[in-house]
Amino acid sequence: MSRAARLAAATWLVVFVTIYSWAYGPANFLQLCDVAVILTCLGIMQGSALLVSSQAVSSFVIDALWSLDVLWRVLTGHHLVGGTEYMWDARWPLWLRLLSLFHVVWPPILAAALRRMGYDARALALQCAIAAVLLVASRLVLPSQNLNFAHRDPFWHRAWGPAPVHLALTFAVLVAAIYWPTHAVLRRLWGRQPAG
């Protein structure tokens, strides 16, 4: 990655972590999308195709759904999927809520990085491990916030059995519906042989 890209990643990382820590507290960094920002920035700064690739597996579909949900709410007054309700919560300053628009620009940033570095096929396994850890941690922290839908699903807003069953089902849906298909597309578009 170019020096300018590394500097931009480092600058955004400092701004993002500082403001989100102040506004939302440390538990917010269990969110898959916030972890994606941190690991993508670190991947760009270190020139790590593996880190960037793992977060591409996690982010492309989720960021598209986030953007679609915001657009749907603007157009219809209702949420399509959910998870963006905070964008209309006046308890938070507008400038802070607008920082979440990183979801809109993150996929093009990831695509540009993958075009330059290539897609590392080990990303699927790494992202699955990251998601598994974050889901369990999310179950233990702030149940009212339902981080990563570790307590209730986003569609029917219910738990699917006891905690281990709900977490396993949530993980299975993430992998089968989002991670695996995204991995297959990214490997086809920008795949490269892993180093070593």
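## Helices α2 and α6

Helices α2 and α6 are oblique to each other, a label for angles that are not under 35 degrees (roughly parallel), over 145 (roughly antiparallel) or 65 to 115 (roughly perpendicular). The angle between α2 (residues 32-46) and α6 (residues 123-140) is about 135°, and their axes lie 11 Å apart. Here axes are lines fitted to C-alpha atoms, for helices over the stretch in contact, and angles run from 0 to 180 degrees between N-to-C directions.

From α2, the residues L32, V35 and L39 meet Q127, I130, A131 and L134 of α6. This contact between α2 and α6 divides into 6 nonpolar residues, 1 polar and no charged. In this count Ala, Val, Leu, Ile, Met, Phe, Trp, Tyr, Cys and Pro are nonpolar, Asp, Glu, Lys and Arg are charged, and the others, Gly among them, are polar. Contact means heavy atoms within 4.5 Å.

## About the model

Please keep in mind that this is a predicted model, in which local features need pLDDT of at least 70 and side-chain atom pairs count only at pLDDT 80 or more, while totals for chains, interfaces and linings use all residues. Residues are numbered from 1 along each chain as its sequence is written, and side-chain values use heavy atoms, with hydrogens and water left out.

## The chain as a whole

The chain has 7 helices and 2 strands, in the order α-α-α-α-α-β-α-α-β from the N terminus. The chain is as compact as a globular protein of its length, because its radius of gyration of 17 Å is close to the 16 Å that the globule rule gives for 196 residues. That radius is taken over C-alpha atoms, and the rule is 2.2 Å times the number of residues to the power 0.38. Helices (H or I, at least four residues) and strands (E, at least two) are DSSP runs, numbered from the N terminus.

Along its principal axes, the C-alpha trace spans about 45 × 40 × 30 Å. Of the 196 residues, 42% are buried, where buried means under 20% relative accessible area, exposed over 50% and partly exposed in between (1.4 Å probe, protein chains only). Among contacts with a separation of 6 or more, 65% are between residues 24 or more positions apart.

## Helices α6 and α7

Helix α6 also packs with α7, at an angle of about 150° and with the axes 10 Å apart. That makes α6 roughly antiparallel to α7. Here too the crossing is right-handed.

Residues of α6 in this contact include L124, C128, L135 and R139, and those of α7 include A163, L167, F171 and W180. The contact of α6 with α7 divides into 13 nonpolar, 4 polar and 1 charged. Q127 and A131 of α6 meet residues of α7, and Q127 and A131 also take part in the contact with α2.

L114 sits in helix α5 (residues 102-117) and is buried, with a relative accessible area of 1%. Leaving aside neighbours within four places in sequence, L114 is in contact with V52, S53, A56, F60, Y119, L186 and W190.

S100 lies in the loop between α4 (94-98) and α5 and is buried at 2% relative accessible area. Not counting residues up to four places away in sequence, S100 touches Y20, W66, Y86 and M87.

F149, in the loop between α6 and α7 (163-190), is partly exposed at 30%. Phi of F149 is near 55°, a positive value in a residue other than glycine. Most residues other than glycine have a negative phi.

Conventions
A crossing is left-handed if the near helix is turned anticlockwise from the far one by less than a right angle, and right-handed if clockwise.
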